[in-house]
Amino acid sequence: MRFGGLIAVDDLSFSVGRRDITAIIGPNGAGKTTVFNCITGFYKPSEGRIALTLTGSDPDTLARLTAGGARGSRDRNVFLLDRMPDFEIARDARVARTFQNIRLFGGMTVLENLFVAQHNKLMRESSFTVGGLLGLARYRRGLDDGLEKAKYWLERVDLTERADDPAADLPYGDQRRLEIARAMCTEPKLLCLDEPAAGLNPRESAELNKLLRYIRDEHEISVLLIEHDMGVVMEISDHIVVLDYGEKISDGSADHVRNDPKVIAAYLGVEDDEVEAAEHEASA
C-alpha cells in the first residue's frame with residue numbers, strides 16, 4: 001500500500017485460518033491499521049490480492065477469478081476484497097470490524113445500537129420498507145428474530161440490564177464489549193478488531209479474552225485483531241503476524257514469535273548486528 005512516495009505496507013502475505021484468532025502486532029507506525037483498512041475496503045491496495053474464501057476453494061479457482069477480473073460474483077464462496085466496495089465487503093463477504101476509537105451511536109440506546117447493525121437484513125425482510133409499512137408477516141418475523149439476536153448478544157456481553165440506557169452512558173469497558181456485540185449482530189465470517197483491549201483494566205481484559213474465545217469456538221468465526229496488550233495477544237492467539245515498518249518480520253505461533261530475535265529487536269530497539277548474532281546463536 002503506497003501513499004505517494006511512502007510505502008506503508010510492503011510485500012505482505014499471511015493467512016487467517018477458519019476458526020482461528022490471528023493477531024497482527026508491531027510497534028506504532030508498523031502499518032497494522034493500514035492492513036485493516038485494506039481488508040475492510042477503506043483503502044484499495046496499490047498492488048496485490050486479498051481473498052476471503054467461505055469454503056475450501058482451491059488455488060485454481062482463486063487464480064481464475066483473479067485473472068478474469070471478477071470481484072468474486074462468479075463464485076459466491078470466494079470474494080476478492082481488494083476489488084469490492086467497502087459496503088459489499090461488509091454485506092456480501094460478511095467482514096465486520098471495530099475501530100481504535102469507539103464508534104458507537106452514543107445517543108441511541110444499547111439495544112438500538114444492536115438493531116442498527118441488522119439494518120441490511122431488516123430492509124430485505126421489509127421488502128425495502130413496503131413490508132414494514134404494511135406490517136407483513138415476513139417483516140414481523142424478521143423483527144422478532146432481530147430482537148432475539150440483540151438479546152442474545154446483550155446477555156453474552158453482560159449488558160442486558162443496560163439495554164435501554166444511551167450507549168454514551170456506559171463505562172469505557174462496556175462500550176468496548178458493546179461494539180463487539182454490534183459487529184457480531186451482522187453475522188460476520190471474519191471479525192476484525194482494532195485494539196479491542198486498549199484502555200481496559202486487567203479484569204476487563206480477562207472478560208475480553210473469554211468473549212473472543214467464545215466467538216471463535218461457539219460461532220466458528222475467524223478473528224483478526226490488532227493489539228498492543230501482549231498479555232491478551234499471547235494468551236488467546238492461535239497465530240501471530242508481526243510487522244515492522246510495513247514489512248512482516250515474523251509469522252507463527254505465540255511461542256515462536258515470543259522468542260524471535262527480530263521481534264525482540266523491533267520492540268526493544270536492539271542493533272542489527274545484535275539481531276544477527278542472536279539469530280546465528282539460535283540456529284547453531
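Start with Cys185: at 3% relative accessibility, Cys185 is buried. Buried means under 20% relative accessible area, exposed over 50%, partly exposed in between, with a 1.4 Å probe and protein chains only. Cys192 is buried too, at 0%.

Some ground rules. This is a predicted model, where local features need pLDDT of at least 70, side-chain atom pairs count only at pLDDT 80 or more, and totals for chains, interfaces and linings use all residues. Residues are numbered from 1 along each chain as its sequence is written, and side-chain values use heavy atoms, leaving out hydrogens and water.

Now helix H9, residues 202-219. Helices are DSSP runs of H or I, at least four residues; strands are runs of E, at least two; both are numbered from the N terminus. H9 has 18 residues and spans 25 Å from first C-alpha to last, close to the expected 26 Å. That expectation is 1.5 Å times one less than the number of residues.

Which residues of H9 are buried? Glu204, Ser205, Leu208, Asn209, Leu211, Leu212, Ile215 and Arg216. Seen down the axis, they fall within an arc of 165°, so they line one face of H9. The arc takes directions from the helix axis to the C-beta atoms. On the other side, Pro202, Arg203, Lys210 and Glu218 are exposed.

What covers the buried residues of H9? The cover includes strands S3, S7 and S8, and helices H7, H8 and H10; contact means heavy atoms within 4.5 Å.

Last, just after H9, Glu220 takes a positive phi of about 55°.
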